[in-house]
Amino acid sequence: MLVRELGEFGLIERLSRRVSASPAAHHRQEPPVRVRVGIGDDAAVWEATGTAEALTTDTIVDGKHFTLATTGWNDLGWKSLATNLSDIAAMGAAPGVAVVTLGLPPDTVVEDVEALYDGLLAAAGEFGASVAGGDVVASPTLFITVALSGTLAGEPMLRSNAATGDLIAVTGALGASAAGLAVLQGAAPAEGADADLLRAAHRRPWPRVAEGMSLAKAGVRSAMDITDGLLDDLGKLCAAAGYSARVEAVCVPVHPAAVAAFPDDAMAMALNGGEDYELLFTAPPRLMASLGGALDCEVQVVGEIISGTPGEVFLVDAKGDAITPPRKGWDHFA
């Protein structure tokens with residue numbers, strides 16, 4: 001079987017089973033380190049000397065996740081750390097220490113690499129992370145891999161903690177990053193405030209670090225970040241929890257600048273565009289109702305966790321009738 005036949009998430013599932021079945025997974029770890037959350041969430045979590053810590057890693061590859069034609073070196077540095085910060089946020093953790101691996105073609109301009117690090121360090125300074133080191137290797141294709149730790153004050157928010165009857169909510173509005181990429185690719189006018197906002201949303205996303213910690217402190221126990229599209233990411237959360245979900249299309253918060261630039265495509269961008277780096281979370285109705293003053297951003301309830309086939313997500317209209325999703329979200333091997 002080829003990786004492209006299995007797909008990204010099928011491959012992750014098979015590798016997760018192998019890790020779980022290995023003798024090392026069943027070895028009782030004594031202090032100071034005990035793994036609490038392994039493969040399958042936004043970050044791993046372990047305990048070291050009584051403190052719970054999280055660890056995540058992400059790689060972005062030229063031609064696959066970005067192009068230098070649409071994302072400059074400084075913004076590329078910011079985004080390479082922001083993707084990891086968003087994963088840490090989804091666990092409810094505070095950012096810690098990052099290490100960076102650069103894969104550089106030999107003819108890369110040194111000043112460009114410095115600009116990349118300036119952007120990365122700007123993101124670290126903004127969100128309280130520290131860059132501790134890393135590695136540089138020669139590569140025919142430019143790539144950046146960042147690993148980032150985080151610390152937890154309480155229990156981590158996990159995808160698997162969602163329960164039937166939970167309401168599903170998202171922070172902020174969706175679709176701006178996908179619309180920004182479309183603007184950068186020439187699909188809409190490049191001038192004006194909306195175009196500037198959309199380009200910034202794609203190039204320089206703002207991970208919800210403070211909001212993640214606030215949600216965890218308030219008692220939310222299930223969350224993930226939206227990187228591959230609302231519907232696909234919700235499907236992963238539901239698969240981990242063993243339930244289905246119903247999403248009301250009229251409740252999905254579509255970014256107004258995306259609507260202005262792409263009135264016919266904005267909903268599809270919000271549902272499946274990806275790279276919004278907003279938080280998707282679930283909570284019982286009473287807890288959800290109490291979150292209004294806990295966050296500094298808008299929170300929109302979009303649906304409910306229901307019994308059904310694990311991972312299945314139903315999109316419905318205002319009358320409750322099923323809607324066929326506009327398109328699928330992101331899969332690295334699709």
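Which residue in S10 is the bridge partner of Val170? In this predicted model, the bridge partner of Val170 in S10 is Leu280, and the pairing between S7 and S10 runs in the antiparallel sense over four bridges.

**Strand S7 and its partners**

- Strand S7, which spans residues 167–171, is mostly covered, with four of its five residues buried.
- S7 also pairs in the antiparallel sense with strand S11 (residues 299–306), in this case over five bridges, and the bridge partner of Val170 in S11 is Gln300.

**The largest nonpolar core**

- The largest nonpolar core comprises 50 residues, and those with the most contacts inside it are Leu76, Leu81, Ile144, Leu215, Val220 and Phe281.
- At least two residues of this core come from each of several elements, among them the strands S3 (51–61), S4 (94–104), S6 (143–151) and S10 (279–283), together with the helices H4 (73–91), H5 (110–127), H8 (209–218) and H12 (285–289).
- H4 gives the most to this core, supplying ten residues.
- Once its neighbours within four places in sequence are left aside, Leu81 is in contact with Ala98, Leu120, Ala123, Ala124 and Val146.

**General context**

- In soluble globular proteins, nonpolar side chains tend to be buried together.

Note on methods
Residues are numbered from 1 along each chain as its sequence is written. This is a predicted model: local features need pLDDT of at least 70, side-chain atom pairs count only at pLDDT 80 or more; totals for chains, interfaces and linings use all residues. Side-chain values use heavy atoms; hydrogens and water are left out. A nonpolar core is a set of buried Ala, Val, Leu, Ile, Met, Phe, Trp, Tyr and Cys residues joined through side-chain atoms within 4.5 Å. Buried means under 20% relative accessible area, exposed over 50%, partly exposed in between (1.4 Å probe, protein chains only). Contact means heavy atoms within 4.5 Å. Two strands pair if DSSP finds at least two bridges between them.
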